[in-house]
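Reader: Could you take me through this model feature by feature, giving the general idea before each case?

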Amino acid sequence: MKVLGIESSCDETGVALYDTERGLLGHAVHTQVAMHEAYGGVVPELASRDHIRRLIPLLERVLAEAGCTRREIDAIAYTAGPGLAGALLVGASFAEALAMALGIPALPVHHLEGHLLSPLLADDPPAFPFIALLVSGGHTQLMRVARVGDYELLGESLDDAAGEAFDKTAKLLGLGYPGGPALAKLAEAGTPGRYKLPRPMINSGDLSFSFSGLKTAVLTVARARELTDADKADLAAEFQEAVTEVLAAKAVAACRQHRLLALVVAGGVGANRRLRQRLDQAVAKIGGRVFYPRLELCTDNGAMIAFAGSQRLLQGKVPAPGGGAFAVRPRWPLDQLS
Ligand code: KG4
Ligand code: ZN
């Protein structure tokens, strides 16, 4: 079965074709980073218009890469939420219209379920059940994943998501958008420990996170005096240490509490090298192993949506073709999925 995946929840347009027998046949992503850069963040209306421009060329590219025609697609999976309402509507209407024209089912997919299952696209995937650490621009969550569709929320951020904290702190340091990768790069040139930042909620005894205080702590340092480039690098390094230390500590605590030795890491912040290093070390200490998606599948993409959709279809959740009625859910808690 060949499933086309469409992702358009934020600032990346992703299209992919996944075959349940042969794996990923093709995938292409267009990132809008350059377009939003001038504004210091994502402009929703511009994002929606750009998704419209990109979807058909990306579809053609993926089909050419896969060596398939439209007629060979068996079903279309698309991100229905959470995300920007207008951006989601572009992907949803494109997917529903194409499915109706081809007489095949269209399937709404939860964006975070896509991220969560993306490590299963790797050559050496984890087995269920596992603990998942979801770290994206909008979410920081620890989940217990029993199987596809069975997600128990163990803890999440009470305020800013980890990616959001990276982005906001990067902005404070004048690094622009998107902040996460830029801050991580700057951190490599700095020395942690020269500035002392808190490790929020590390001893809270639960699996909740809080990152907004960290950004304020950085702001306090930045306001005290003019920072040189070396100061900024040291501050970035300490910030990265603080976030990754807390994430690693809580992820290991979740594994211990649930007696699980497989940890899956998904979402954009999962690309962070220091986070990977820390998680690998901490999880190895308890005899476990960390599973990551392929690096290019860490950030938003159509492959994870095609894959999540295919798993739903394999479970027998096949919507009637050509219904044409659809709705997007800009807010959609993952543990409300059935
Ligand atoms: O999953 P994603 O692509 O989009 C959302 O669904 O949010 O995650 C994007 C987030 C952004 O906040 C970005 O700054 C962050 O992931 N990010 C990073 C790194 N690469 C991306 N944060 C820290 N270090 C990185 N290397
Ligand atoms: Zn995402």
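**Ligand contacts and the zinc site**

Author: A polar contact is a pair of N or O atoms within 3.5 Å; within protein, one must be able to donate a hydrogen and the other to accept it, and residues adjacent in sequence count only if both atoms are side-chain atoms. Here an oxygen atom of ligand 1 lies 3.2 Å from an N or O atom in the side chain of His 111, and an oxygen atom of ligand 1 is 2.5 Å from a side-chain N or O atom of Asp 167. This is a predicted model, in which local features need pLDDT of at least 70 and side-chain atom pairs count only at pLDDT 80 or more, while totals for chains, interfaces and linings use all residues. Residues are numbered from 1 along each chain as its sequence is written, chains are lettered from A and ligands numbered from 1 in the order in which they are written, and side-chain values use heavy atoms, with hydrogens and water left out.

Reader: Which residues are the protein donors of the zinc ion (ligand 2)?

Author: Donors are N, O and S atoms within 2.8 Å of the metal (3.2 Å for Na, K and Ca), and water is not among the atoms, so sites may look incomplete. For the zinc ion they are His 111 (NE2), His 115 (NE2) and Asp 300 (OD), at 2.0 to 2.1 Å, with the sequence spacing H-x3-H-x184-D.

Reader: Are His 115 and Asp 300 buried or exposed?

Author: Buried means under 20% relative accessible area, exposed over 50%, partly exposed in between (1.4 Å probe, protein chains only); both His 115 and Asp 300 are buried.
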